[in-house]
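This report describes a protein model in terms of its packing, its charged pairs and its surface. Please consult the sequence and the structure shown here while reading.

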Amino acid sequence: MIDGQQKEKNIKDLEYNNLLNNQNIMLVLIGTAIISVFLIDKLPDSLNIAKPDLLFFLVVMIIVVLLYYSKKLEEKLYEIKNL
């Protein structure tokens, strides 16, 4: 039989894996957006989208996502180790 502490550890492990999956999904989506920015030259000139501004925004978003999820993952790992 699995005791209460083992169940709690399993739940925390699942939460950690979920956070890690969410981080990876966000990074893939933002990476896809960056690739799309490089393909922006294929769009009509009438749209007037500033490529450097968009790239800067997406790079900042990557940094924010990494910092946010790193902190969450670190907290969750700390909880798991303290069980």
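Apart from neighbours within four places in sequence, Leu-73 is in contact with Tyr-16, Leu-19, Leu-20 and Gln-23, where contact means heavy atoms within 4.5 Å. The model is a predicted one, in which local features need pLDDT of at least 70 and side-chain atom pairs count only at pLDDT 80 or more, while totals for chains, interfaces and linings use all residues. Residues are numbered from 1 along each chain as its sequence is written, and side-chain values use heavy atoms, with hydrogens and water left out.

**Helices and core**

Helix H1 comprises residues 4–38, and helix H2 comprises residues 51–81. Helices here are DSSP runs (H or I, at least four residues), numbered from the N terminus. The 31 residues of H2 should span 45 Å at 1.5 Å a residue, and the end C-alpha atoms of H2 lie 44 Å apart, which agrees; the expected span is 1.5 Å times one less than the number of residues.

Which residues of H2 are buried? They are Leu-58, Val-65, Tyr-69, Leu-73, Lys-76 and Ile-80. Buried means under 20% relative accessible area, exposed means over 50%, and partly exposed lies in between (1.4 Å probe, protein chains only). The buried residues of H2 pack against H1.

The largest nonpolar core has eight residues in all: Leu-19, Ile-30, Ile-34, Val-37, Leu-58, Val-65, Tyr-69 and Leu-73. H1 and H2 each supply at least two residues of this core. Such a core is a set of buried Ala, Val, Leu, Ile, Met, Phe, Trp, Tyr and Cys residues joined through side-chain atoms within 4.5 Å.

**Salt bridges**

A search of the whole structure finds six salt bridges, each defined as a side-chain nitrogen of Lys or Arg within 4 Å of a carboxyl oxygen of Asp or Glu. Three of them are listed below.

| Pair | N to O distance |
|---|---|
| Asp-13 and Lys-9 | 3.1 Å |
| Lys-12 and Glu-79 | 2.8 Å |
| Glu-79 and Lys-76 | 3.7 Å |

The salt bridge between Lys-12 and Glu-79 has a distance of 2.8 Å. This pair links distant parts of the chain, with Lys-12 in helix H1 and Glu-79 in helix H2, 67 residues apart. Lys-12 is buried, at 18% relative accessible area, whereas Glu-79 is partly exposed at 31%. Leaving aside neighbours within four places in sequence, Lys-12 is in contact with Lys-76, Glu-79, Ile-80 and Leu-83.

Glu-79 also forms a salt bridge with Lys-76. Glu-79 and Lys-76 are three residues apart in helix H2, so about one helical turn separates them. Lys-76 counts as buried, with a relative accessibility of 14%. Salt bridges that share partners join Lys-12, Glu-15, Lys-76 and Glu-79 into one network.

Asp-13 and Lys-9 are four residues apart in helix H1, and therefore about one helical turn separates them. Asp-13 is partly exposed at 24% relative accessible area, and Lys-9 is partly exposed at 31%.

**Surface patch**

Phe-56, Val-60 and Val-64 form a nonpolar patch on the surface, with about 280 Å² of accessible area together. Patches are made of residues with over 30% relative accessible area and no salt bridge; like charges are joined within 9 Å, and nonpolar side chains (Val, Leu, Ile, Met, Phe, Trp, Tyr) within 5 Å. Accessible areas come from the Shrake-Rupley method with a 1.4 Å probe, and for residues only the protein chains shown count as cover. Val-64 is found in helix H2 and is partly exposed, with a relative accessible area of 44%.
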